[in-house]
Amino acid sequence: MSLDKRPVLSRDARGRIDTDTLLQLAAATAEEVKPISLVHLDLRDLCSFTDHFLIVSAPSIRQVRAIAERIEERLREEAVRILHREDD
């Protein structure tokens, strides 16, 4: 996906980001690094601490880290604060 086709995050009057758009942005960014698989879990009706999980796999730990770093970098560009990330 080219840079100009990435979803743009918009915030509501209270500064909240639409989580569906945030998910699309993270998934599109991960796709740029060509993961083996990308799985979205919709947790909105199942738990109170998150709306989505995005699970990405790649053939090596180096590529997994590159994907995670690329997503974090893109989210920082959008001024999104990352509260937690699972690591190896």
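Trainee: Where is L43 found?

Mentor: L43 sits in the loop between β1 and β2; strands are DSSP runs of E, at least two residues long, and helices are runs of H or I, at least four long, numbered from the N terminus. Bear in mind that this is a predicted model, where local features need pLDDT of at least 70, side-chain atom pairs count only at pLDDT 80 or more, and totals for chains, interfaces and linings use all residues. Residues are numbered from 1 along each chain as its sequence is written, and side-chain values use heavy atoms, with hydrogens and water left out.

Trainee: Why is L43 counted as buried?

Mentor: Buried means under 20% relative accessible area, exposed over 50%, and partly exposed in between (1.4 Å probe, protein chains only). L43 has 13% relative accessibility, so it counts as buried.

Trainee: What is L43 in contact with, leaving aside its neighbours within four places in sequence?

Mentor: That would be T50, D51 and F53, where contact means heavy atoms within 4.5 Å. L43 and F53 are 10 residues apart in sequence, and their C-alpha atoms are 7.3 Å apart in space.

Trainee: And R44, what makes that one partly exposed?

Mentor: Its relative accessible area is 37%, so R44 falls in the partly exposed range. R44 is also found in the loop between β1 (37–42) and β2 (52–57). Leaving aside neighbours within four places in sequence, R44 is in contact with D20, T50, D51 and H52.

Trainee: Which residues make up the largest nonpolar core?

Mentor: There are 10 of them: I17, L25, A26, A30, V33, A58, I67, I71, L75 and V80. A nonpolar core is a set of buried Ala, Val, Leu, Ile, Met, Phe, Trp, Tyr and Cys residues joined through side-chain atoms within 4.5 Å.

Trainee: Why is α1 called oblique to α2?

Mentor: Their axes come within 9 Å and cross at roughly 135 degrees. Axes are lines fitted to C-alpha atoms, for helices over the stretch in contact, and angles run from 0 to 180 degrees between N-to-C directions. Under 35 degrees is roughly parallel, over 145 roughly antiparallel, 65 to 115 roughly perpendicular, and the rest oblique. So α1 is oblique to α2.

Trainee: Which residues of α1 and α2 meet?

Mentor: L22, L25, A26, T29 and A30 in α1 meet I67, R70, I71, R74 and L75 in α2.
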